[in-house]
Number of protein chains: 2
Amino acid sequence: MQLTETRLIERHRPTLDQALEAIRSRAYWSPHPEHPKAYGESAPAEGLAAFEALRGTRFDLDQPGTDGWTGQEVSPYGPELGIEYPHADPDVLLPAMRAGLAAWREAGPERRALVCLEILSRISARTHEFAHAVMHTSGQAFMMAFQAGGPHAQDRGLEAVAYAFAEQTRVPSTADWSKPQGKRPPLELRKSFTTAGRGIALMIGCNTFPTWNGYPGLFASLATGNAVLVKPHPRAVLPLALTVRVAREVLAEAGFAPDLVALAVERPGEGIAKTLAVRPEIRIIDYTGSTAFGDWLETNARQAQVYTEKAGVNTVVVDSTDDYQGMLSNLAFSLSLYSGQMCTTPQNLLIPRDGIATDAGHKSYDDVVGDLAASVGGLLGDDARANALLGALVNPEVKSRLDGAAGLGEVALPTRKITNPDFPDAVVRTPVIVKLDGAKPEAESVYLSECFGPVSFAVAVDSTAAAVELLRRTIRDQGVMTVGAYTTSPETERAVEDVCLEESAQLSLNLTGGVYVNQTAAFSDFHGSGGNPAANAALCDAAFVANRFRVVEVRRQA
Amino acid sequence: MQLTETRLIERHRPTLDQALEAIRSRAYWSPHPEHPKAYGESAPAEGLAAFEALRGTRFDLDQPGTDGWTGQEVSPYGPELGIEYPHADPDVLLPAMRAGLAAWREAGPERRALVCLEILSRISARTHEFAHAVMHTSGQAFMMAFQAGGPHAQDRGLEAVAYAFAEQTRVPSTADWSKPQGKRPPLELRKSFTTAGRGIALMIGCNTFPTWNGYPGLFASLATGNAVLVKPHPRAVLPLALTVRVAREVLAEAGFAPDLVALAVERPGEGIAKTLAVRPEIRIIDYTGSTAFGDWLETNARQAQVYTEKAGVNTVVVDSTDDYQGMLSNLAFSLSLYSGQMCTTPQNLLIPRDGIATDAGHKSYDDVVGDLAASVGGLLGDDARANALLGALVNPEVKSRLDGAAGLGEVALPTRKITNPDFPDAVVRTPVIVKLDGAKPEAESVYLSECFGPVSFAVAVDSTAAAVELLRRTIRDQGVMTVGAYTTSPETERAVEDVCLEESAQLSLNLTGGVYVNQTAAFSDFHGSGGNPAANAALCDAAFVANRFRVVEVRRQA
């Protein structure tokens with residue numbers, strides 16, 4: 001079955017048009033259902049069976065330059081996955097990837113976008129299988145792995161394709177240029193404009209959200225005419241290996257070189273990201289992970305466009321509220337979801353030491369912290385619900401940070417060990433809240449560093465004005481992915497907004513219902529701002545795609 | 001007279017709309033007339049008088065932090081300008097510039113664009129004055145200084161404003177987001193999106209095209225909500241000082257802080273570009289000049305977005321032609337215009353050593369080089385015409401490269417000294433053409449380095465295929481701003497096109513009439529590709545503007 005241009009247009013052009021409209025209006029839209037039942041009655045069992053069938057096998061991709069096999073994934077829920085992936089010789093693989101570039105460029109922006117949409121729709125059809133793959137690599141609970149690793153990730157990929165298409169088609173493919181010369185005949189030129197990718201893009205995946213954080217860069221680069229080498233985190237290979245397999249199948253069926261998308265998995269301790277990142281063939285890099293390696297890439301991979309999402313110190317300013325219970329519930333959920341292992345989870349809650357005004361009367365700093373601790377405790381009091389919300393700790397580093405949290409200050413909410421009846425080896429812990437005095441220099445060094453995982457700091461500040469200034473300093477010096485604020489004061493609201501505008505941070509105000517500061521919706525919300533140290537790019541805007549390709553003009557006398 | 005929003009819309013919105021349409025169609029368009037007579041009968045005399053009135057004066061801009069006066073401009077035509085400019089203390093000036101940012105951000109993309117258009121239209125009205133300022137700093141002949149320094153530079157500025165407006169308005173200012181929740185009420189958010197500049201932009205001007213190369217960055221940054229500090233080349237201050245003065249006047253009249261645009265002129269040997277470029281307040285840098293300093297900026301100014309245009313080795317492949325005389329005339333003009341001191345002037349002419357097929361029969365390598373030399377000689381045989389085309393050598397470094405050219409190989413066309421009757425001290429020289437054997441390693445080190453100025457190399461190559469491969473190597477390793485090719489063979493045409501697509505270079509094919517490889521038209525042609533070592537950005541595309549601002553989202557429960 002050949003994926004002809006006509007077939008691709010019939011299947012996917014309407015979706016592309018809807019995506020283009022969605023990024024213009026930024027209203028709610030998604031073609032990827034969130035509910036597991038929407039995928040058909042047999043999908044859950046088939047998805048699980050497909051995942052189980054992969055375990056203990058060799059995951060062959062038929063890639064050029066495969067010089068061995070490697071894989072060490074162990075599920076945060078306990079089981080070893082036992083899957084071996086191809087290990088690549090870049091001196092063979094990279095030239096093979098380049099070989100497909102000319103035809104991919106000639107396909108043009110629309111055909112490339114439609115091929116990307118076919119890849120995404122095949123991934124979507126296998127969302128249950130991907131959910132298990134994401135769950136057993138990231139430690140997310142099943143429902144979150146399903147939604148964030150499935151439809152939400154696919155949305156972010158599609159969003160990147162829409163932006164890429166929109167940017168590439170702003171320049172016409174040809175133009176007739178006629179410049180009047182008074183009484184003499186006009187100067188006339190025939191011009192053609194071709195969008196050309198930069199070469200090979202390297203997408204370096206992360207442990208916690210392999211698909212959600214990986215798809216924007218992968219699809220933005222592919223849709224703009226580049227080949228993409230996918231280098232997953234060694235603990236989270238499977239979701240991206242499945243992605244690469246689907247992409248290679250679709251590319252081949254559509255008549256393109258499957259090697260336009262390839263996988264590079266490292267042997268233990270090999271550190272291939274560092275060697276690949278400075279290869280001259282690599283012209284684009286997308287990276288999500290530590291600040292240290294993100295900074296290294298920005299400094300050293302000078303031959304490439306580098307898009308990084310690094311660490312931040314997410315902050316919530318608590319000034320006042322007209323829905324005290326709503327605020328507590330909302331914050332409790334934000335701190336608990338995926339054990340606080342999201343790059344968007346609030347870390348610092350800035351609370352005036354004299355307390356705050358609420359619809360339930362004045363609440364002292366201790367009241368607020370105690371009530372929040374109780375709210376988290378209540379939310380996670382039932383072990384089944386706790387397991388469904390928390391998932392498992394993704395790696396031992398998170399656990400050791402959690403274990404060390406009690407030594408950082410007064411513990412307002414201790415962590416609690418939870419047993420997962422299905423996976424007794426899973427490390428499941430409720431979040432800890434530590435009280436810190438914002439005015440003390442020794443506390444500052446604690447709360448102004450990222451403490452990734454289920455640890456939050458209730459920072460007592462002298463006043464709301466002090467909180468706003470600390471927010472500014474945090475954004476400017478440490479970076480943030482998210483800022484939250486609770487206030488009933490228009491002046492405070494304005495002050496927090498001004499700081500976010502001046503220092504470039506995305507702000508959620510007075511969230512008390514079912515939307516949380518740590519969640520962003522594709523096509524509408526920006527993830528990160530690209531304007532503070534936490535990330536040099538936002539998902540997804542024009543700047544994220546516009547420099548992944550160049551426009552080459554050829555002009556001829558008419 | 002207050003520049004109200006209504007007045008700005010009436011005056012400039014139609015022009016902005018036309019510019020937006022022009023960058024979409026890329027057909028010919030310009031609102032800035034090229035002919036000096038179009039500016040009114042009294043304009044030439046008034047422009048000259050205005051320029052003369054500036055000489056020997058102190059150019060006060062009423063800028064904060066002025067701690068002295070400096071200026072050493074000497075016209076390449078001889079006279080000292082004798083103008084003193086404010087010297088700035090950045091510790092005072094930069095905070096003052098930042099103070100205007102909030103109101104400038106709040107003005108929004110349309111108002112900012114219209115203010116920029118008012119600045120450009122006032123500059124346009126003074127084009128004759130600017131022409132003299134450009135002529136007596138760059139050494140361009142008057143007509144070229146008038147056109148390239150006036151309407152063409154204004155076009156490039158307007159083009160940048162149009163791109164900036166288009167990019168900023170792709171995101172709506174507000175959105176209502178409603179996500180269905182089955183039988184439960186939908187999740188509803190009210191979102192606002194604000195385009196926010198990054199801070200202060202530094203525009204580092206060049207000696208040869210202070211306005212043409214300076215306006216794109218200046219106006220792109222200003223239109224996207226940034227303040228702009230203009231650091232002119234010490235030999236070419238006046239055109240940008242006039243620009244800054246106009247911008248400050250317009251900003252004040254429109255109710256904004258004039259300090260949003262300011263001038264920084266250095267004392268002899270002070271090197272302020274280096275210190276300014278790494279100040280934390282500087283978030284964007286635009287630079288045109290040497291590869292060495294461009295590379296230094298890219299490596300060291302890590303706190304800023306850096307847009308550079310550096311050196312390249314522009315190349316023309318000469319394979320065959322059906323208009324031999326047209327080809328020779330076209331190339332002769334390209335080599336002569338402004339004494340080859342354009343970043344787009346061809347340097348290397350790659351000619352098969354066995355000669356080429358033409359409509360005038362087979363021409364040997366020696367024929368082609370000799371005929372081209374004769375064509376240049378003919379074009380510049382009349383001293384008046386030569387002066388009008390060549391202008392003056394911009395600085396002693398160009399002259400010493402020209403003087404050294406004879407030692408590089410066999411001279412096919414020697415340089416000739418020309419007297420300018422109006423300016424006897426002007427250094428006016430015709431271009432030199434040197435023959436080199438492309439196969440000789442010692443020649444390669446000569447022709448694969450940039451030799452800026454009126455020196456071209458006729459490089460004998462083994463075949464057209466060898467020329468195409470040398471072209472590829474030149475683009476990849478040295479970078480090019482322009483590529484030209486002459487061929488009647490569809491295969492050769494395709495091969496050259498493929499190299500330009502793969503290595504990212506702008507190509508002009510078979511130009512034999514009144515369009516030259518070294519000229520690009522705003523709104524239609526891209527200047528540079530941003531994809532090879534000669535420049536990391538193209539003038540002007542979406543990537544040139546999209547990262548000068550960030551979109552800050554504020555979301556609230558609805």
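Guide: Let's start with Cys540(B), which sits in the loop between strand S20 (507–509) and helix H19 (542–545) of chain B. Helices (H or I, at least four residues) and strands (E, at least two) are DSSP runs, numbered from the N terminus. Before we go on: this is a predicted model, where local features need pLDDT of at least 70, side-chain atom pairs count only at pLDDT 80 or more, and totals for chains, interfaces and linings use all residues. Residues are numbered from 1 along each chain as its sequence is written, chains are lettered from A and ligands numbered from 1 in the order in which they are written, and side-chain values use heavy atoms, with hydrogens and water left out.

Visitor: OK. Is the peptide bond from Leu539(B) to Cys540(B) cis or trans?
Guide: Cis, with omega near -5 degrees. In chain A, the bond from Leu539(A) to Cys540(A) is cis too, with omega near -10 degrees.

Visitor: And where is Cys540(A)?
Guide: In the loop between strand S20 (507–509) and helix H19 (542–546) of chain A.

Visitor: Switching topic: how do H2(B) and H5(B) cross?
Guide: The axes (lines fitted to C-alpha atoms, for helices over the stretch in contact, with angles from 0 to 180 degrees between N-to-C directions) of H2 (residues 43–54) and H5 (residues 127–138) of chain B come within 7 Å and cross at roughly 50 degrees. H2(B) and H5(B) are therefore oblique to each other; under 35 degrees counts as roughly parallel, over 145 as roughly antiparallel, 65 to 115 as roughly perpendicular and the rest as oblique.

Visitor: Which residues meet there?
Guide: From H2(B), Ala43(B), Phe51(B) and Leu54(B) are among them, and the H5(B) side includes His128(B), Glu129(B) and His132(B). Contact means heavy atoms within 4.5 Å.

Visitor: Now chain A: how far apart are the C-alpha centres of domain 1 and domain 2?
Guide: 32 Å. Domain 1 of chain A is 5–28 + 37–172 + 199–311 + 539–557 and domain 2 is 315–509, with bounds from an automatic or database domain assignment.

Visitor: How many residues are in contact between those two?
Guide: 18 from domain 1 of chain A with 23 from domain 2 of chain A.
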